Structures are given as C-alpha cells and as structure tokens.
Amino acid sequence: MTITSHTIPMTTLDDVRKPLATAAGMPNAVYTDETLFKLERDEVLGKTWAALGFTSDLPTNGFAKPVDFMGLPLAIMRNRDGEYKVFHNVCSHRGMILLTEETEVEGMVRCPYHSWTYDLNGNLKGTPHIGGVGVHKAEGFVCEKHGLREVRSHVWAGMVFINLSGDAQPFAEHIEPLIQRWSEFCGKDGWDNLHIAPTGSQMQLEVNCNWKLAIENYCEAYHLPWVHPSLNTYSPLDQHYNLIINDDMSGQGSYNYNLSDVAGTRLPRFPSWPQDRLRHAEYVSLYPNVMLGMQADHFFAIILEPRKKDVTVENLRLFYVGEEACGDEYAACRHSQLEAWKVVFGEDIFAVEGMQAGRQSPGFTGGVFSPVLDGPTHHFHGWVADKYAAINND
C-alpha cells in the first residue's frame with residue numbers, strides 16, 4: 001500500500017497531541033475510512049505487540065487454530081512440547097490456505113491443494129510428487145528453505161501476542177511496567193496461579209464500532225453514573241482514579257470495588273493481596289487491543305478482534321485464583337461474577353455504537369476532553385496520533 005504524507009494531516013495530529021485541556025480528538029476518518037482501517041493493521045497494531053488469541057483455545061499439545069487478523073490469515077500452533085508459535089496460514093508452494101478450522105493435529109498439517117505437509121514448528125516435511133509422479137524430492141529443492149513463515153510472538157497471562165513488523169521492543173520490556181505495578185497486588189508469583197475455569201470464564205460480544213472506541217471507552221470512568229448505574233453502586237465514580245502507566249497503557253482504578261459483598265460471591269483471593277486494599281481494583285487498556293482487569297479474587301482479559309472498520313468482536317476470559325477456584329464448589333460464584341461483567345460490558349454497547357454512528361457527522365471533528373476525567377482517553381488518542389505521525393514521516 002502506498003502511504004502519502006497526507007494520510008492524516010500533521011496539523012490535525014499536532015492538535016490531538018496538545019495538552020489535555022486544549023487537545024482535540026482523532027478525526028472521524030480513523031473510525032470510518034476503510035483504507036485507514038487496513039493501514040492500521042500493519043502500521044498501528046503491527047508495529048507493536050497485539051493480542052491474537054488465548055492459549056486456552058488450543059487445549060492440547062499438537063493443536064492448531066486459524067485466526068483472521070484484520071484480513072491477514074494466520075495460524076496459532078501448539079507443538080508437541082506445548083510451545084505456541086504463530087505462522088502465516090499459507091502453504092509455501094502456491095499460497096493455499098492451510099487451515100480452515102481449528103483441529104488436533106495427529107500427524108502433520110497438510111495443505112489441501114497439493115498435500116505438502118508441515119510439522120507444528122513450521123518445518124516443511126513432505127512434498128509428494130514434486131519431482132514427478134512417485135518422485136517426492138527434486139534436485140536443488142531444499143525443504144528447510146521453504147517452511148512456514150513465522151510471525152514473532154510471545155505468550156503472557158494466557159494470551160498469544162504478535163508483532164507483525166518484527167522490530168518492536170522485547171515483550172518482557174513492553175509488559176514490565178504493568179507487571180511491576182500489579183505485582184504489588186497479586187504478588188510476583190500471582191500470574192502463575194491464574195486459571196480459566198470450565199464454567200464462568202468466557203463470553204463474546206460483537207459490537208458495531210471501530211476497535212479504538214472500545215479502548216477509549218474502557219480507559220475512563222467518567223461514564224459510570226449514566227451507562228453503568230449498577231456498577232456505580234459497588235464501584236462509584238467518586239472512588240475512581242486515572243491511570244497512565246507508560247506510553248503503551250492507561251486506564252482507571254477503584255478504591256471501593258465490592259462486588260463480592262453486593263453479589264454474595266466468595267472466591268479465593270490472591271494470597272499476597274494487601275489486606276488493607278482488598279477493595280482496590282484496576283482496569284488497564286494495554287494498547288492496542290487488550291483490556292485488562294485486576295481484582296483481589298479474579299483477573300480478566302478482553303482481546304479486541306477488529307473485523308471491519310465498524311465491527312469489533314470482544315473476547316473475554318475470566319481467570320480465577322488457584323485450581324480450587326475452578327471446582328464445583330465455586331461454580332455459582334463464578335457464574336455470578338461472569339453475569340455481573342456481562343451486564344457491565346453489555347451496557348457499553350450502546351455507547352460505543354452511538355459514538356461510531358456519530359463519526360458519520362461532519363458536525364463532529366474529534367471532540368474535546370474533560371481536563372480532569374478524560375486523561376487516559378486523551379493518552380490513547382495521543383498514542384494513535386503518534387503512530388499516524390510515524391507513517392507520515394516514513
């Protein structure tokens with residue numbers, strides 16, 4: 001794709017990157033333009049670490065799952081040793097799509113076109129009749145040079161992340177500020193004690209909005225009293241605070257999250273969680289497409305799957321503390337927990353879809369921000385503006 005210097009004018013981007021009280025939001029085009037949506041895959045999401053899927057979706061070693069990443073056919077493969085790798089989901093021979101559905105791979109991944117085969121590490125292992133009928137090798141053809149093309153990937157907190165450009169900072173450095181912050185709550189080993197349960201752990205929503213609006217909405221608590229009246233009773237707006245953690249993440253926190261009292265849930269807590277902060281909770285947008293929540297008795301992650309410029313799928317997983325929390329004894333509590341979040345995220349649908357519809361109006365040109373309550377949302381707009389500015393400077 002040819003990128004011109006006027007994709008988004010630099011003057012517009014500069015207005016977005018002004019201080020909070022005087023800044024404008026990103027223009028309508030980045031939510032409504034099909035060309036910009038396609039551009040963002042490689043130049044915005046692709047330049048950093050984007051989440052592709054959950055490891056729990058590949059339940060056993062020797063499993064493979066195709067994933068459409070904004071029109072790019074990819075495949076997550078869990079090899080025989082339990083390692084996760086991501087590949088372009090196309091055969092090296094003639095570019096045929098390899099996988100069309102998730103599957104447990106008994107032998108090899110086989111191309112349905114000419115039956116070339118690959119192992120779960122992406123190595124080309126079989127080329128039937130390549131040298132003529134009954135001749136499965138060809139002079140000068142080296143299988144080792146024609147394996148599947150791998151995408152740089154990393155697994156963290158039950159999620160598979162990818163970096164399409166291959167040149168982002170190491171993932172460990174990318175996520176370290178959040179790990180340091182949240183280890184004060186869950187402990188340094190808390191991440192290893194998170195489990196997805198057979199029930200009460202999963203939901204999916206399809207919303208008619210651009211992926212960025214979901215992040216913007218999640219960043220801030222300003223809308224709680226009007227959009228989330230129930231949530232506002234057990235995590236009220238006046239008990240919330242803004243979070244800007246580093247260049248790649250922002251969000252909000254609550255000093256008084258007490259769903260367990262309201263809903264009557266009693267779930268195992270992180271052993272290291274400070275006793276004087278049991279009602280603290282924090283909600284972070286990990287740019288570009290992950291929304292995270294940390295509470296004393298559970299953790300959740302939402303991966304945003306941008307389908308179209310105005311369609312996004314939200315995939316949620318709730319993680320509980322310890323294997324005991326995943327047993328039958330806590331099934332009713334997990335159900336209550338999940339149902340409470342279903343209400344909250346369901347309430348957001350009209351808001352993000354309403355903003356998407358509003359982006360069709362020439363009377364709206366990016367909007368403004370509350371100088372007190374919109375700091376995290378402005379931070380995300382600035383992050384997006386920086387990505388577009390980098391395109392202009394290439």
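**Cavities, pockets and strands of a predicted model**

The lining of the second largest cavity divides into five nonpolar, one polar and two charged residues; Ala, Val, Leu, Ile, Met, Phe, Trp, Tyr, Cys and Pro count as nonpolar, Asp, Glu, Lys and Arg as charged, and the others, Gly among them, as polar. This is a predicted model, in which local features need pLDDT of at least 70 and side-chain atom pairs count only at pLDDT 80 or more, while totals for chains, interfaces and linings use all residues. Residues are numbered from 1 along each chain as its sequence is written, and side-chain values use heavy atoms, with hydrogens and water left out.

The protein chain has an average pLDDT (the predictor's confidence in each residue, from 0 to 100) of 93, and 97% of the residues score at least 70. Over residues 1–5 the pLDDT stays under 50, and the model has eight contacts (heavy atoms within 4.5 Å) for them beyond four places in sequence.

The second largest cavity has a volume of about 70 Å³. On a 1 Å grid over the protein atoms alone, a cavity is a set of points where a 1.4 Å probe fits but cannot get out, a pocket is an open set with protein on both sides within 12 Å along at least five of seven lines, and lining residues have an atom within 4 Å of a point. Points join across faces, edges and corners, and a volume is the space filled by probe spheres set on them. Ala 214, Asn 217, Tyr 218, Met 291, Glu 314, Phe 345, Asp 348 and Val 352 line the second largest cavity. Helices H5 and H9 each supply at least two of its lining residues; helices (H or I, at least four residues) and strands (E, at least two) are DSSP runs, numbered from the N terminus.

There are three cavities of 30 Å³ or more. The largest cavity holds about 150 Å³. Its lining has 16 residues, and Tyr 218, Leu 231, Gln 252, Trp 341 and Val 344 lie nearest its centre. H9 gives the largest share of that lining, four residues.

Val 30, in helix H2 (residues 29–32), touches Lys 212 and Tyr 388, among others. Val 30 counts as buried because its relative accessibility is 2%.

The largest pocket has a volume of about 350 Å³. Of its 24 lining residues, Leu 52, Lys 65, Val 67, Glu 305 and Asn 315 lie nearest the centre. Strands S1, S2 (63–69), S12 (202–207), S17 (298–308) and S18 (311–321) each contribute at least two lining residues. Five of the five residues of S1 (residues 50–54) are buried, so this strand is largely enclosed by the rest of the structure. S1 runs antiparallel to S10 (residues 159–163), and four bridges join the two; Ala 51 has Phe 161 as its bridge partner in S10.

Elsewhere, three strands form an open antiparallel sheet in the order S6-S7-S8, where strands pair if DSSP finds at least two bridges between them. S6 (109–110) and S8 (124–126) are the edge strands, each pairing on one side only. Two bridges join S6 to S7 (residues 117–118), and Val 109 stands opposite Tyr 118 in S7.

How values were computed:
Buried means under 20% relative accessible area, exposed over 50%, partly exposed in between (1.4 Å probe, protein chains only).
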